Amino acid sequence: LRCNIPNEISGSFYVGDEETGFGQIFVTLKDATFEPSNIFGHCASLVATIRKTGLNPTVLVLQTDGGPDHSLKRVAVQLALIGMFKELDLDHLVVLRGAPNGSARNKIERPMSLFNVGLAHAS
């Protein structure tokens, strides 16, 4: 989800449609056999999406589920995030990990349940 720093203290960081309040969600479908899931691929996709949309953030806040590709304890994840930080020339990178088993309350995970219904039995 995209956000902007508000001009006033009472403003919202959330950027969405004025009428509905919904933001933009970017979805990337990959073949599990030929494009295995790993943190370096996730970071590369995020950098490509940010560049494609023409955004030039100075602060990036990531919220992860803490799964194997996103565990902040793993050195590979730390190196990928440092690389993304350097590639995007960020001033500040914040990475948040949601509570375990709390994906129902995770605002990023909620729309994914709808996508999973559409992709069920598609393999």
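Analyst: Some terms first. Buried means under 20% relative accessible area, exposed means over 50%, and partly exposed lies in between (1.4 Å probe, protein chains only). Accessible areas come from the Shrake-Rupley method with a 1.4 Å probe, and for residues only the protein chains shown count as cover. The model is predicted: local features need pLDDT of at least 70, side-chain atom pairs count only at pLDDT 80 or more, and totals for chains, interfaces and linings use all residues. Residues are numbered from 1 along each chain as its sequence is written, and side-chain values use heavy atoms, with hydrogens and water left out.

User: Why is Glu-87 called partly exposed?
Analyst: Its relative accessible area is 44%.

User: What makes Glu-87 and Arg-51 a salt bridge?
Analyst: The closest N and O atoms of the two are 2.9 Å apart. A salt bridge needs a side-chain nitrogen of Lys or Arg within 4 Å of a carboxyl oxygen of Asp or Glu. The pair therefore qualifies. The structure holds one salt bridge. Side chains of opposite charge can pair when their charged atoms come close.

User: Which parts does the pair of Glu-87 and Arg-51 tie together?
Analyst: Glu-87 lies in helix α2 and Arg-51 in helix α1 (residues 39-52), so the pair links parts 36 residues apart in sequence. Helices are DSSP runs of H or I with at least four residues, strands are runs of E with at least two, and both are numbered from the N terminus. Arg-51 is partly exposed, at 46% relative accessible area.

User: How do you know that strands β1 and β2 pair?
Analyst: Six bridges join β1 (residues 59-64) to β2 (residues 92-97). Pairing takes at least two DSSP bridges, so these strands pass. They run parallel. Thr-64 stands opposite Arg-97 in β2.

User: Why is the crossover between them called right-handed?
Analyst: The chain crosses from β1 through α2 to β2 in a right-handed β-α-β crossover. The term means that, with the strands pointing away from the viewer, the path from the first strand over the helix to the second runs clockwise.

User: Ser-71: buried or exposed?
Analyst: Buried. Its relative accessible area is 18%, and the limit is under 20%. Ser-71 sits in the loop between β1 and α2. Leaving out residues up to four places away in sequence, Ser-71 touches Gly-66 and Val-77. Contact means heavy atoms within 4.5 Å.

User: What makes the phi of Asp-89 worth noting?
Analyst: Phi of Asp-89 is near 55°, a positive value in a residue other than glycine. Most residues other than glycine have a negative phi. Asp-89 lies in the loop between α2 and β2. Asp-89 is exposed, because its 62% relative accessible area is over the 50% limit.

User: What makes the nonpolar surface patch?
Analyst: Phe-40, Val-75, Leu-79 and Ile-82 form it, with about 410 Å². Patches take residues with over 30% relative accessible area and no salt bridge; nonpolar side chains (Val, Leu, Ile, Met, Phe, Trp, Tyr) are joined within 5 Å, like charges within 9 Å. Helix α2 (residues 75-87) gives the most, with three residues. Leu-79 is found in α2.

User: Which residues does His-92 touch?
Analyst: His-92 touches Thr-58, Val-59, Leu-60 and Phe-85, not counting residues up to four places away in sequence. His-92 lies in β2.
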